[in-house]
Amino acid sequence: MQRTLCNAYPYALDGSIYFTHLEPHESKWQTYLCSSGISAIIHAPKKGITLMTIALAQLAPIHAPCTTTSDIEPIHDGYAHTLADQHYAKMSWTALNAMTGGLSEPSKMPGFAYSISAKRCNVGAKLRKVAGSTCSKCYAMKGRYVFPNVAAAMERRYQAMRAESTQWAAAMIASIRKCGETHFRWHDSGDLQGMNHLFAIVVIAEATPNVQHWLPTREYALVREYLRQNGSFPPNLTVRVSAPMIGAVASEWENSSSVDAARTPLTAWVDCPASKQGNKCMDCRACWDKSVEVVNYKKH
């Protein structure tokens, strides 16, 4: 049954049109719908953004309860796509950076990345206390990462991501498109905050199909649960699970990384060449390549 309310937005769910009410005084709202057992959450635009009709927008399912208290809010992917396409596409870098916290530019690799503080890692924080783990001497806890300006930038990104998750995702889509690069890295510092964060990265990757995304992570439970529910990641998103201990290989995973491990002959294996070429990727793109099962790094 279809019902219409004043100041309403139309949304499609399983082929039916639903209209959800937006009170004029509300700058942010949430509406939960259920149809055929599917739950969804919708976020309205901020105050000051022109109201518009989003016809047949896809509703973002709530994949799982937040696994940590730091996870971002569930995003409405159809609305994020529409914002990116119709409102954010022509925005200046200054305006986009205000919503994303700004992209990072690791000197080692091509293109841009997105980093938050390694202090906000969940699994990584535990592994840092384990001798011989790949996090025990974390590179993102020293060097330039502890400079005050770098630490402040990583905190801005974290806070922007948590403040308005749907608008953050839309601004990330617009920013990655605006870069014009073919490769993007998630988390040269930091890691996934929860299932909603992972789902948001999937949505951003799907909206930028001409860009190859690389997501290294130690959040094994999140990756396992996402794959259980969805089967696979988008073809342009390589989720590379990091082995927890130096010298180990994460053989359970289709794509993984290791540190100072012995080559396994039954896998498509690449030893990271950066240590032999000025600590830069140069023309290597193995980390982004789904056909490469294991990328093995030198301890640094």
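**Layout, helices and contacts**

Analyst: The chain holds seven helices and 11 strands, where helices (H or I, at least four residues) and strands (E, at least two) are DSSP runs numbered from the N terminus. This is a predicted model, in which local features need pLDDT of at least 70 and side-chain atom pairs count only at pLDDT 80 or more, while totals for chains, interfaces and linings use all residues. Residues are numbered from 1 along each chain as its sequence is written, and side-chain values use heavy atoms, with hydrogens and water left out.

User: What percentage of the chain's residues count as buried?

Analyst: Of the 300 residues, 51% count as buried; buried means under 20% relative accessible area, exposed means over 50%, and partly exposed is in between, with a 1.4 Å probe and protein chains only. Among contacts (heavy atoms within 4.5 Å) between residues at least 6 apart in sequence, 67% join residues at least 24 apart.

User: Which residues touch the most other members of the largest nonpolar core?

Analyst: They are Tyr114, Trp168, Met172, Phe184 and Trp186, in a core of 49 residues. A nonpolar core is a set of buried Ala, Val, Leu, Ile, Met, Phe, Trp, Tyr and Cys residues joined through side-chain atoms within 4.5 Å. Helix α6 gives the most to this core, with 10 residues. Apart from it lies another core, of 11 residues, including Met109, Cys272, Ala274 and Val292.

User: And what does Phe184 contact?

Analyst: Leaving aside neighbours within four places in sequence, Phe184 is in contact with residues including Leu103, Phe112, Tyr114, Met172, Ile176, Trp214 and Trp288.

User: Back to α6, then: why is it described as largely enclosed?

Analyst: Helix α6 is largely enclosed by the rest of the structure because 12 of its 13 residues are buried. Among them are Met195, His197, Phe199, Ile201 and Ala207. The helix covers residues 195-207 and reaches 19 Å from its first C-alpha to its last, close to the 18 Å expected at 1.5 Å a residue; the expected span is 1.5 Å times one less than the number of residues.

User: How about α4, which of its residues are buried?

Analyst: In α4 the buried residues are Val150, Ala153, Met154, Arg157, Tyr158, Ala160 and Met161. They cover an arc of only 165° around the axis, so they sit on the same side of α4, the arc being that of the directions from the helix axis to the C-beta atoms. An α-helix has 3.6 residues a turn, so residues three or four places apart point the same way. On the other side of α4, Pro148 and Asn149 are exposed. The buried residues of α4 pack against α2 (93-100), β5 (112-114), α5 (165-179) and α6.

User: Changing topic, how many salt bridges are there in the whole structure?

Analyst: A search of the whole structure finds five, a salt bridge being a side-chain nitrogen of Lys or Arg within 4 Å of a carboxyl oxygen of Asp or Glu. One of them joins the side chains of Arg177 and Asp85 at 2.7 Å, N to O. Arg177 lies in helix α5 and Asp85 in helix α1 (residues 77-88), so the pair ties together parts that are 92 residues apart in sequence. Arg177 is partly exposed at 39% relative accessible area, and Asp85 is partly exposed at 45%.

User: Which residue does Glu252 bridge to?

Analyst: Glu252 forms a salt bridge with Arg224, the closest N and O atoms being 3.0 Å apart. The pair links distant parts of the chain, with Glu252 in the loop between β8 (237-242) and β9 (256-259) and Arg224 in helix α7 (residues 220-230), 28 residues apart. Glu252 counts as exposed at 53% relative accessibility, whereas Arg224, at 39%, counts as partly exposed.

User: One last thing, is Thr217 buried or exposed?

Analyst: Thr217, which lies in strand β7 (residues 212-217), counts as buried because its relative accessibility is 1%. A polar contact of 2.7 Å joins the side chains of Thr217 and Asp191; such a contact is a pair of N or O atoms within 3.5 Å, and within protein one must be able to donate a hydrogen and the other to accept it, while residues adjacent in sequence count only if both atoms are side-chain atoms.
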